[in-house]
Each structure stands twice: as structure tokens, then as C-alpha cells.
Amino acid sequence: MASISVVGVLVCCLLATLSPALVQAEMARYDNYRVYKLNIGSVEQLQLLQLIEHHSDGYTFLSDPVNLNTTVKLVVAPHKAAEFAEFNQRFSLNAEVAFENLQALIDRQLRGRRETFGWTAYQTLEDIYAWLDTLIEQYPDVVSPIVAGESYEGREIRGVKVSYKQGNPAVFMEGTIHAREWISAATVTWMMNALLTSEDLAVRNIAENYDWYVVPVANPDGYVYTHTTTRLWRKTRSRQNVLCYGADPNRNWDYKFNQGGTSTIPCSDTFSGPSPFSEIETRTLSEYIRSIPNLSTYLDFHASGQLLMIPYGHTTEPLDNYYELMEIGTKAAAKLQERHGSIYKVGNIAEIIYVASGSSLDWVKGTLQTPLTFAYELRDTGEYGFLLPPEQIIPTAEETLDSVIVILEEGKAMGYH
């Protein structure tokens, strides 16, 4: 009875309490928090890690413990070191220390702040929104403001439309639906800047022959929270109960809701919400996407894992244009690799990462029947995860844009636009 033994250990050792980040407005620190790398090799190990995830106090997963024969990273607070050592021995976890001090990693990511907007550092929401205003002023005939939704705390989900002429097919590009994945917003803003400033002929072609609807931060409350309070926050900031805040905004869409890869526990990072579109962010964003005329392409950016994914997340059964999207994705990944050598895997979400229902990608494909639908898990493959150092922003964005060009060119050749 492996599951009973796991539960017994956790009942004795794990007491769910309020996180300091929920009761303090100051930035949480992670001094001497260790990050461990764990290979999940047995059902008993998987059950243990899932129970830790759901009832944790002093533990945070940087990647979800979902499947056997996968690798995850787990943050362990100093006061949990002895307890984790016991788990490690009892369940033969063979944990390896990936980072001795998580705070040092976070400090490295916060380096390089600049007075002017750029891509040698990660930017705050305020910086990003101010930059959008600058673009609107600098390119009044090309760039126009959009409000794609609103947040629980009353923020606008802002973006811009980039359009050089009427009648173009539309591309919707979205970043940072998961708050802690900062490389997503940075990559989206860099690519948007390239659409306006690059002289490369291939970039100019896609810039001027598509209408671009670009939302750098789809989860503004959560993104702000990662800059002001808890760097590791993932969800929205809606209040669920006295202890738990937020839902996973990429499990909350009204397509195959709660059909795998979600949690019904409000404190879990993958909590899907009490109902489809319970989160104002997903509800209002979906309404905006539905309103876009001639939408041919949807691109969603996450971190990390170096994956280029197509729908669906609830099943491995091929969608209607599975083989066409796989062909396009394979060519895009090959082009991406050419610039800096980054290797991306291509496949259905449920095939190459894990079952995850209720995502924005699945909703856009399943509900709107948008033909070209891709989600990226950007750099890297596990060393830093979503705590990617800022010096990797520009290389990540450069190679990603190379692949986006291929997606649009190949999609056009197949008649999708």
C-alpha cells in the first residue's frame, strides 16, 4: 500500500500554513533555499511529490510533478532541510542539488536594470506599458493601442495592434499568462520591436503582410506580484478562500475544462479555478480574441523546456490538421536551431510535456477553429528554468522570431492565411 505510506509520512510531517508572501507586502527572499533536481522513477515517488505540491509548507516546485520518468526541480526551505533529507532517504529520491542558494539565482536575474527600455534586463509591467505608449506615439500610422481584457485587481491587459495595411490576416501573440515566466514577456516585446525596426527582408515581409495583435503580459496582477512580493508566483491573484489565492490562468479556459492535468485544490499552482472562465483575465481575454477579424494564427509563449507545441492538452489523439502543424512546427524548430544551436522538441501538448486541459491554446483551436495554433516553452531545458539570466533574453528572442517567420511562411504555402 504505497499510497498509504506516503500519506502517513505527510500527515506527520507537512502542515499547510499561510505563506509569508500572502501576509506580507514586502519582497519574499529565498536565502539558502536549495533547489533539488529529482527524477521520478516510481509511482510511490510521484505520489509523494504530488502530495508535497498540494500540501506544502516550505516547498515549491519549479516544474510540475505530473508523470513518471520525468525530471522536476523542487525548492526546499532551510527549515525543511531535515524533513526533506528524510523523504529523500525513505523514498530513494536520489535528489541532486541544482542550486545551493535560490536567492543568488534570483539576484542574478534582477541584474542589469536600465533607465531606458531594452532587453539586457527584465522589465516591470509599468515599464512595459510605458514602452507601449512610446511606440504608439512614435508610429501613429502603424501602432494602435488595444485593451484585451482586465484583471482581478483592476489592471488593464494592454497591448498594441501593428498594422501596415488593411486586409491582412491576423496574428495574435500573447506572453506571460503564467506570471513567473518573465522570458515570455521579454521575448514578445523584443519580437514586437523587430516588427517595427528590423530591416531584414523576411521580418519586413511578415511585419507588413499580417496584422499583429500583441499582448506581452496576459496576467498583469500575477506579473506585478512576482516583481513586488514573490518571484515564484504563477497564478492570478483572485481570492479563493482564507488561505489560497489565484487560479492557473492556463487551465481556466472553457474548452475540455478539468479533463486532466489540473488540480481542484485552491492552493495548488495548477488549480483550474472553480469553473471555466472564473478568472476575469481569461474571460475578458477570450472575448477579445474572439472579436479579432480574420484571425489565422495564435502564438502563446511560456517557459521553460524548449518545446514547440500544438493542441491538444487533454488528449494525444491527433487534431484535424495535426500532420500539417507537425510539419510546420518541425521546419520552424529546425530554423530556430540554426542561429544559436537551441534544440526544440515538437508535438502535441499531451505527448511531449504532460496532460493539461483548459489551456488558451486548446480553446482558440477547439472553439474558434483558428488554423495555426502554437505554444512555445522557451529556454532552457532545465538549468535555470523560468529564472533564465537576462543575458539570454536577446538570443532567445532572436531564434524564436526565426521560427515564427517559418510558421507564417509555411502556413501561407499551405493556404492557411
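Me: In which sense do strand β7 (residues 170-175) and β8 pair, and over how many bridges?

Reply: Strands of a sheet pair through backbone hydrogen bonds, either parallel or antiparallel. Here β7 and β8 are parallel, with 5 bridges between them. Within that pairing, Val171 stands opposite Trp212 of β8. Two strands count as paired if DSSP finds at least two bridges between them. Strands (E, at least two residues) and helices (H or I, at least four) are DSSP runs, numbered from the N terminus.

Me: What sort of coordinates are these?

Reply: The model is predicted: local features need pLDDT of at least 70 and side-chain atom pairs count only at pLDDT 80 or more, while totals for chains, interfaces and linings use all residues. Residues are numbered from 1 along each chain as its sequence is written, and side-chain values use heavy atoms, with hydrogens and water left out.

Me: How many strands form the open sheet, and in what order?

Reply: There are 8, running β5-β6-β8-β7-β9-β12-β10-β11, with mixed pairing. At the edges are β5 (143-150) and β11 (345-348), each of which pairs on one side only. From one strand to the next the twist averages 20 degrees, taken between axes fitted as lines to C-alpha atoms, with angles from 0 to 180 degrees between N-to-C directions.

Me: How many bridges join β5 to strand β6?

Reply: The count is 7, and β5 and β6 (residues 156-162) run antiparallel. Val147 has Arg158 as its bridge partner in β6. On to β8: β6 pairs with it in the antiparallel sense over 3 bridges, and Lys161 has Tyr213 as its bridge partner there.

Me: How many residues of β8 are buried?

Reply: In a regular strand the side chains alternate between the two faces of the sheet. Buried means under 20% relative accessible area, exposed over 50%, and partly exposed in between (1.4 Å probe, protein chains only). In β8 (residues 211-215), 5 of the 5 residues are buried, so the strand is largely enclosed by the rest of the structure. Asp211, Tyr213 and Val215 are buried on one side, Trp212 and Val214 on the other.

Me: Which residues of helix α6 are buried?

Reply: They are Leu125, Ile128, Tyr129, Trp131, Leu132 and Leu135. Seen down the axis of α6, the buried residues fall within an arc of 155 degrees (the arc of directions from the helix axis to the C-beta atoms), so they line one face. The face turned away carries the exposed Glu126, Glu137 and Gln138. Among the elements covering the buried residues are β5, β6, α7 (182-197) and α9, where contact means heavy atoms within 4.5 Å.

Me: How many salt bridges does the structure hold, and which residues are linked in a network?

Reply: Side chains of opposite charge can pair when their charged atoms come close. The cut-off is a side-chain nitrogen of Lys or Arg within 4 Å of a carboxyl oxygen of Asp or Glu. By that rule the structure holds 20 salt bridges. Asp64, Arg234, Asp248 and Arg251 are linked in a network. Arg251 and Asp248 meet at 3.7 Å, N to O; Arg251 is buried at 2% and Asp248 at 0%.

Me: Which residue forms a salt bridge with Arg155?

Reply: Asp221 does, with the closest N and O atoms 2.8 Å apart. Asp221 lies in helix α9 (residues 220-228) and Arg155 in the loop between β5 and β6, so the pair links parts of the chain 66 residues apart. Asp221 is buried at 1%, whereas Arg155 is partly exposed at 27%.
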